[in-house]
Amino acid sequence: MAGEQRVRLSERDAMEMGIRCPNCGTYTSFGDILATGQCRGMGCVSGLELELVISE
Ligand SMILES: [Zn+2]
């Protein structure tokens with residue numbers, strides 16, 4: 001258990017509609033992250049979550 005890591009998403013991530021797992025490099029779409037909360041990589045146990053930050 002390596003703890004939590006936070007990554008700020010950029011416009012490029014929006015264009016690709018997903019991110020690469022920081023641990024195994026497998027591309028996982030935002031839809032899959034929201035649906036499963038996990039990396040799609042074979043044998044990778046990384047959990048992935050999306051969080052929206054709203055500021056006033
Ligand atoms: Zn992974």
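Start with contacts across the whole chain: two residues are in contact if their C-beta atoms, placed from the backbone, lie within 7 Å. Among contacts in the protein chain between residues at least 6 apart in sequence, those joining residues at least 24 apart make up 5%.

Before you click further, note that this is a predicted model, where local features need pLDDT of at least 70, side-chain atom pairs count only at pLDDT 80 or more, and totals for chains, interfaces and linings use all residues. Residues are numbered from 1 along each chain as its sequence is written.

Next, colour by confidence, using pLDDT (the predictor's confidence in each residue, from 0 to 100). The protein chain averages 91, and 96% of the residues score at least 70. Confidence is lowest in H1, with a mean of 88, and highest in helix H2 (residues 30-36), at 96.

Now switch to the cartoon view.

Then select Met17, in the loop between helix H1 (11-16) and strand S1 (18-20). What is the phi of Met17? Its value is positive, about 55 degrees, although Met17 is not a glycine. Most residues other than glycine have a negative phi.

Is Met17 buried or exposed? Met17 counts as exposed because it has 10 C-beta neighbours inside 10 Å. The cut-offs count other C-beta atoms within 10 Å of a residue's own, placed from the backbone: buried at 20 or more, exposed at 12 or fewer, partly exposed in between.

Finally, zoom out: buried residues make up 7% of the 56 residues in the protein chain.

Conventions:
Helix = DSSP H or I, 4+ residues; strand = E, 2+ residues; numbered from the N terminus.
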